[in-house]
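Dear colleague,

I am passing on the structure we talked about, and below it I have set out what was found when it was examined. Please read the notes with the structure open beside them.

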Amino acid sequence: MTKPVLIIVGADKGGVGKTTITRALLDYLDASGVQNRAFDTENEVPSGVLKRFHSDRVEVVDLADSDGQMRVFDTLNALTVTVIDIRAGLLSPTLHLLTEIGFLDPEKYAITVLHVLGNNQASIDEIKPVAERLAAGARHVAVGNHVNATKFAFPPDALDVPMLSVAAAEAVDKSNMPFSVFAKENGSAVLRGTVRTWLDRVFAQFAGAKVI
């Protein structure tokens with residue numbers, strides 16, 4: 001990496017499983033041997049949702065505040081991938097803010113936006129306006145996330161993330177563990193296998209899109 005790598009994960013619609021994708025991404029970076037850190041902008045939750053699962057590397061920030069911006073962007077470096085999990089529903093406003101203050105400059109940073117889509121038309125309608133907010137040279141990657149069992153066709157160029165079973169998702173949430181740790185340490189072989197298989201499929205999507 002010759003310049004800092006910045007991966008922004010978000011959506012303009014809530015309830016699309018945005019933080020689930022971020023959690024899987026951090027596991028993917030670990031499995032790929034890539035040094036990484038993350039920022040959780042769910043600052044209405046004191047400890048942050050993402051931080052609950054990856055407390056070793058996640059810091060909660062408010063990107064609308066200059067102190068939060070400095071904590072993220074003044075510390076970027078080319079040796080560590082920085083992941084920002086954008087608060088639900090605020091992807092476009094955040095991209096606009098960061099563009100206005102000069103922090104989405106592809107000349108300075110390698111920028112990828114993972115735009116998480118739920119299985120509904122409202123999410124699909126977000127794609128064009130979000131992509132138009134990015135400067136030339138920044139990557140916009142649509143991530144089709146099957147958040148429930150509803151049959152839905154995402155755009156052909158979107159990543160296709162399968163649904164994780166309700167039982168497995170609830171078990172991981174209760175454990176407060178990363179998906180990768182749960183897949184090794186949980187007592188149920190069935191749930192371990194379910195999470196491991198799902199994570200392998202998500203990793204394959206990330207690898208195919210060359211997110212790093």
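**A buried alanine and its surroundings**

Ala168 is buried, its relative accessible area being 0% (buried means under 20% relative accessible area, exposed over 50% and partly exposed in between, with a 1.4 Å probe and protein chains only). Please keep in mind that this is a predicted model, in which local features need pLDDT of at least 70 and side-chain atom pairs count only at pLDDT 80 or more, while totals for chains, interfaces and linings use all residues. Residues are numbered from 1 along each chain as its sequence is written, and side-chain values use heavy atoms, with hydrogens and water left out.

Ala168 belongs to helix H7, residues 166–175 (helices, H or I with at least four residues, and strands, E with at least two, are DSSP runs numbered from the N terminus). Once its neighbours within four places in sequence are set aside, Ala168 is in contact with Leu191, Thr194 and Val195, where contact means heavy atoms within 4.5 Å. Between the C-alpha atoms of Ala168 and Leu199, which are 31 residues apart along the chain, the separation is 12 Å.

**Strand S6 and its partners**

Strand S6 (residues 139–145) is largely enclosed by the rest of the structure, because five of its seven residues are buried. It runs parallel to strand S5 (residues 110–117), to which six bridges join it, and Arg139 in S6 is the bridge partner of Thr112. S6 also pairs in the parallel sense with strand S7 (residues 159–161), over three bridges, with Leu159 in S7 as the bridge partner of Val143; two strands pair if DSSP finds at least two bridges between them.

**Nonpolar cores**

The largest nonpolar core has 39 residues, and those with the most contacts inside it are Leu25, Val83, Leu114 and Phe206 (such a core is a set of buried Ala, Val, Leu, Ile, Met, Phe, Trp, Tyr and Cys residues joined through side-chain atoms within 4.5 Å). Helix H9 (residues 189–209) gives the most to this core, with eight residues. A second, separate core of 21 residues includes Ile8, Phe73, Leu91 and Leu98.

Leaving aside neighbours within four places in sequence, the contacts of Val83 include Ile7, Val9, Leu25 and Phe39.

**A charge over a ring**

Finally, Arg23 lies over the face of Phe53, at 3.7 Å from the ring centre; a charge sits over a ring if NZ of Lys or CZ of Arg is within 6 Å of the ring centre and within 35 degrees of the ring normal.

With best wishes
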